[in-house]
Amino acid sequence: MKHDLVSPPKARPGDRIAVLSPSFAAAGAYPEIHEQAMRRLADLTGLVPVEYPTTRTVGASAQARAADINAAFADPRVRAILAVIGGEDQITVIPHLDAGLARADPKPFLGTSDNTNLHQWLWGLGIASFYGGSSQVHLGPGPAVDDIHARSLRAALLTGERLEITDPGESEDIGIDWADPRALQSFGEREPTKPWSWYGPRRTVTGPAWGGCLEVLQWTLTAGRFPFPPEVLRGGVLIIETSEELLPAREVGWIVRAMGERGLLGAIDAVLLARPPVSDHTRRPAAEQRTRLREQQRDTVVDVVNRYNPEAVVCVGVPFGHTRPQWILPHGGPITVDGVERRIVADYR
């Protein structure tokens, strides 16, 4: 069974980009970070950021947030949509969305974490999107926007080029608290990364990407919002990452195992597992323990995937999701996972 996806047309400099808060309105809670993000967004892309009534409204209802999403799709002057950040209740927004508006004028949508809900909604409508992008996390804080984020942001919104996904050599789990004025000029504590880990047969896979934040995928599947047989993912690339909730490896393994029982792991040809955050503002284990926590998640997921699909090519440690620097990846668009040359190339068409 084939699931055809439309790739929305790219924006052009001077076009409008809707900046929305489909989950938590961090733009309202921390406006200085948000305003710096909007300046950087305009400088990097040439697009004109446009805010909506709930972009800065902390505690807005699900219906009000959905109305902003619908309005962004309905406005022909808006040529792309960017989420401010994730959250934990976007699942309640989805029932209030107008599928006809999105189908009538598909637009590139960028978001991460809880925005997995919107990615899955769009995927179900046959619309490709881009997993990643959070103005409050990746554009606003720090001395500048990370190079890999800026490159993939422009590719997703404007150029549609193919980019090799590489490791930037450093990573942070969490930045400086946004209430601290230093967050405007300083990154969080970064540490050197280690080479990615590769598993499975030495073969090359090219297929459409599907996935998102693992915890949110669990919610989506539980809510019955992936009403498709596993075969729709045949030949695809599963992209999964875990959130700042810092799930123990065994719980991550349980979610992935359930996906295997659903038949999803058996359908895909490759898996990209992101480098996971293992610390937050209140919990920062010692360096050796942080390494061990990442290795435990890696080993658990690899073991489960191998149990359900030993022919899958698996790469672990890719910088997308909840760590920074972050690559934005296609969701529905093609990714090449080269298990021979140990390379990953994403197509941002």
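Is the crossing of helix 8 and helix 9 left-handed or right-handed?

Reply: The crossing of helix 8 and helix 9 is left-handed, meaning that the near helix is turned anticlockwise from the far one by less than a right angle (clockwise would be right-handed). Before going on, note that this is a predicted model, where local features need pLDDT of at least 70, side-chain atom pairs count only at pLDDT 80 or more, and totals for chains, interfaces and linings use all residues. Residues are numbered from 1 along each chain as its sequence is written, and side-chain values use heavy atoms, with hydrogens and water left out.

Back to the pair. Helix 8 makes the contact (heavy atoms within 4.5 Å) through Leu214, Glu215, Leu217, Gln218 and Leu221, and helix 9 through Val252, Ile255, Val256, Met259 and Arg262. That contact splits into 7 nonpolar, 1 polar and 2 charged residues, where Ala, Val, Leu, Ile, Met, Phe, Trp, Tyr, Cys and Pro count as nonpolar, Asp, Glu, Lys and Arg as charged, and the others, Gly among them, as polar.

On a 1 Å grid over the protein atoms alone, a pocket is an open set with protein on both sides within 12 Å along at least five of seven lines, a cavity is a set of points where a 1.4 Å probe fits but cannot get out, and lining residues have an atom within 4 Å of a point. Points are joined across faces, edges and corners, and a volume is the space filled by probe spheres set on them. The largest pocket has a volume of about 710 Å³; of its 30 lining residues, Ile85, Val137, Ile174, Trp178 and Glu244 are closest to the centre. The lining of the largest pocket has 9 nonpolar, 13 polar and 8 charged residues. The second largest pocket, about 380 Å³, takes the largest share of its lining, 6 residues, from helix 11.

Conventions:
Helices (H or I, at least four residues) and strands (E, at least two) are DSSP runs, numbered from the N terminus.
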